[in-house]
Amino acid sequence: VLDCAAVGIGAASVAEIERLNILGATLLAMRRAVAALPVVPARALVDGKHCPQLACPALAVVDGDAKSLSIAPASTAAIRPMPGPTTRATARRRTGPGWRPPASRHITD
């Protein structure tokens with residue numbers, strides 16, 4: 001995906017999730033991801049029932065990852081946690097059972 005598409009990454013903090021609820025924080029992260037794109041898209045397709053307010057038209061597609069080849073790669077990437085400094089620090093402290101780093105990424109320094 002990174003080799004053939006413009007990619008914007010958006011995230012929401014735990015505090016934002018607690019303040020806005022998971023749906024509100026998800027919509028916020030989507031807005032941030034679109035704002036981080038190097039170009040304004042002509043249209044955004046969103047996997048789900050709700051669209052964030054964006055600088056472009058947006059269309060919500062329920063089960064969009066199964067229905068749209070445009071949504072599927074982004075939807076797959078969106079559910080993969082991207083480890084940051086906090087995750088790396090936790091991985092170094094916790095090596096026993098009961099905690100695993102995100103399986104989708106390798107944790108490196």
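Predicted model: local features only at pLDDT ≥ 70, side-chain atom pairs only at ≥ 80, totals over all residues.
Local features need pLDDT of at least 70, side-chain atom pairs count only at pLDDT 80 or more, and totals for chains, interfaces and linings use all residues. Residues are numbered from 1 along each chain as its sequence is written, and side-chain values use heavy atoms, with hydrogens and water left out.

Trainee: Which residue forms a salt bridge with glutamate 16?

Mentor: Side chains of opposite charge can pair when their charged atoms come close. A salt bridge needs a side-chain nitrogen of Lys or Arg within 4 Å of a carboxyl oxygen of Asp or Glu. Here the closest N and O atoms are 2.5 Å apart, and the partner of glutamate 16 is arginine 32.

Trainee: Is glutamate 16 buried or exposed?

Mentor: Buried means under 20% relative accessible area, exposed over 50%, partly exposed in between (1.4 Å probe, protein chains only). Arginine 32, at 34%, is partly exposed. Glutamate 16 has 13% relative accessibility, so it counts as buried.

Trainee: How many disulfides does a search of the whole structure find?

Mentor: A disulfide is a pair of cysteine sulfur atoms within 2.5 Å. The search of the whole structure gives 0. Cysteine 51 is in no disulfide. The sulfur of cysteine 56 is too far from that of cysteine 51 for a bond, because the distance is 9.4 Å. The count is 0.

Trainee: Where does isoleucine 17 lie?

Mentor: Isoleucine 17 is partly exposed, at 31% relative accessibility. Helices are DSSP runs (H or I, at least four residues), numbered from the N terminus. Isoleucine 17 lies within residues 14-35, helix α1.

Conventions: Helix = DSSP H or I, 4+ residues; strand = E, 2+ residues; numbered from the N terminus.
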